[in-house]
Amino acid sequence: MQPFQFITAANERSAIEAASRAKLLAGGTTLVDLMKLHVERPAALADINGLPLAKVTELDGGGVRVGAMVRNSDMARHELIRRRYPVLSEAILSGASEQVRNMATTGGNLLQRTRCYYFRDTALPCNKRSPGSGCGAIDGYNRIHAVLGGSEHCIATHPSDMCVALVALEAVVRVRGPQGERTIRVDDFHLLPGDHPEREHRLEPDELIVSVDIPAVTFAVHSTYLKVRDRASFAFALASAAVALDVRAGTIQQARVALGGIATKPWRAHEAEAALIGRPARADVYRAAAEAALRGAVPRRHNAFKIELAKRTLVRALTRVGELA
Ligand SMILES: Cc1cc2nc3c(=O)[nH]c(=O)nc-3n(C[C@H](O)[C@H](O)[C@H](O)COP(=O)(O)OP(=O)(O)OC[C@H]3O[C@@H](n4cnc5c(N)ncnc54)[C@H](O)[C@@H]3O)c2cc1C
Ligand code: SF4
């Protein structure tokens with residue numbers, strides 16, 4: 001047991017003040033887990049559960065603002081989310097269990113950490129946990145690891161389902177710190193590992209996530225999230241696809257595609273979108289889009305199967321939405 005100080009943040013200002021010296025505690029489903037494993041060893045925790053950031057509200061222009069402390073189950077089941085962004089509701093409900101989702105928050109989900117076995121075991125080398133110690137996975141057991149976005153220092157997948165849908169929807173993270181407020185697109189929020197896998201996102205240590213803003217994407221009423229995993233529930237994605245299509249008279253006018261479970265960050269598949277737009281909503285077009293999405297994939301010893309799995313996952317998700325649209 002590592003002793004730590006426990007602070008209760010009474011308001012946003014005290015949370016921001018605490019953030020530079022304490023880890024913020026939201027639902028605790030990532031942080032407390034990692035503290036038990038000694039992967040996270042904060043000197044202090046600042047509980048932000050009392051902050052008034054647990055609302056889902058409509059934005060002018062048809063978008064939706066989701067407060068950082070909205071629980072994952074509340075977001076997934078909110079009428080506005082279910083109706084306007086089925087892809088997001090389905091993505092959240094495909095993750096974890098109802099009990100975990102009842103605790104997990106929007107802000108915490110954005111900052112959840114990889115499930116790489118080497119990262120979660122302090123006896124093993126890991127550049128992300130202990131910079132410079134090496135990567136146990138690259139020449140080790142890498143069945144769950146990334147085929148897109150990896151570097152010679154880290155190939156860990158980003159584990160979130162919610163973030164994959166948010167990237168497809170072009171959502172924006174609103175953060176506040178001592179310098180005031182700023183916004184970061186979810187697509188830019190998470191960093192590729194590059195030479196510094198320990199740097200996972202663009203949030204500064206003294207910043208608080210206050211909300212995620214999802215813009216109006218009218219055709220997202222025709223969207224879905226398909227997740228493939230080792231068990232039917234309570235398992236992270238081996239491959240997943242978030243898809244929204246605007247199909248008129250059989251032709252794809254607009255497309256959003258993002259992939260999960262196969263990349264080091266929630267992966268927007270622009271190449272797949274380009275291969276879809278202006279073409280007929282048809283099986284051969286879907287397969288061509290999937291080929292384009294995975295063109296840059298780099299297989300490792302145990303994860304080559306993910307390339308074909310991701311392609312088939314994407315084709316099936318496109319087929320499902322194509323039939324709805
Ligand atoms: C058994 C299990 C299975 C799971 N399965 C899945 C799955 O299939 N798919 C999936 O996507 N996820 C899964 N998860 C992960 C789960 O979604 C995350 O643990 C959860 O979303 C984290 O949210 P939290 O509020 O509990 O975060 P916490 O654990 O409280 O915090 C996580 C991190 O975020 C920081 N933080 C939290 N809120 C803020 C804020 N407002 N501003 C700044 N920093 C903040 C904390 O300081 C901490 O560093 C699983 C988790 C468990 C335990
Ligand atoms: S893949 Fe990344 S998280 Fe996993 S051992 Fe290598 S450096 Fe660590």
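**Salt bridges, sheet and overall form**

In this predicted model, Arg 176 and Glu 181 join their side chains in a salt bridge, with 2.8 Å from N to O. Arg 176 is classed as partly exposed because its relative accessibility is 23%, and the boundary for burial lies at under 20%. Glu 181 is likewise partly exposed, with a relative accessible area of 43%.

The structure holds 29 salt bridges. Another of them links the side chains of Asp 246 and Arg 248, at 2.7 Å from N to O. Here Asp 246 has a relative accessibility of 11% and therefore counts as buried, whereas Arg 248, with a relative accessible area of 49%, is partly exposed. A further salt bridge connects Arg 282 with Asp 284, whose closest N and O atoms are 2.8 Å apart. Asp 284 is partly exposed at a relative accessible area of 44%, and for Arg 282 the value is 44%, which also makes it partly exposed. Salt bridges with shared partners also build one network out of Glu 12, Arg 65, Arg 174, Arg 176, Glu 181 and Asp 213.

Attention now turns to the strands. Five of them form an open sheet in the order β4-β5-β8-β6-β7, and their pairing is antiparallel. From one strand to the next, the twist averages 25°. Within this sheet, β5 (residues 64-67) pairs with β8 (residues 208-214) in the antiparallel sense, over four bridges. In that pairing, Val 66 lies opposite Val 212 of β8. Helix α1 (residues 12-19) packs on the sheet and touches β6 (172-177) and β8, its direction making about 115° with that of β8.

What does the protein look like as a whole? It contains 12 helices and 12 strands. The C-alpha trace spans about 60 × 50 × 35 Å along its principal axes. A compact globule of 325 residues would have a radius of gyration near 20 Å, so the protein's value of 19 Å agrees with that form. Buried residues account for 54% of the 325 residues. Of the contacts between residues at least 6 apart in sequence, 63% join residues at least 24 apart. The protein exposes about 14,300 Å², of which carbon and sulfur atoms supply 51%.

Terms used:
Residues are numbered from 1 along each chain as its sequence is written. Chains are lettered from A and ligands numbered from 1 in the order in which they are written. This is a predicted model: local features need pLDDT of at least 70, side-chain atom pairs count only at pLDDT 80 or more; totals for chains, interfaces and linings use all residues. Side-chain values use heavy atoms; hydrogens and water are left out. Two strands pair if DSSP finds at least two bridges between them. Helices (H or I, at least four residues) and strands (E, at least two) are DSSP runs, numbered from the N terminus. Axes are lines fitted to C-alpha atoms, for helices over the stretch in contact, and angles run from 0 to 180 degrees between N-to-C directions. Contact means heavy atoms within 4.5 Å. The radius of gyration is taken over C-alpha atoms; the globule rule is 2.2 Å times the number of residues to the power 0.38. Buried means under 20% relative accessible area, exposed over 50%, partly exposed in between (1.4 Å probe, protein chains only). Accessible areas come from the Shrake-Rupley method with a 1.4 Å probe; for residues, only the protein chains shown count as cover. A salt bridge is a side-chain nitrogen of Lys or Arg within 4 Å of a carboxyl oxygen of Asp or Glu.
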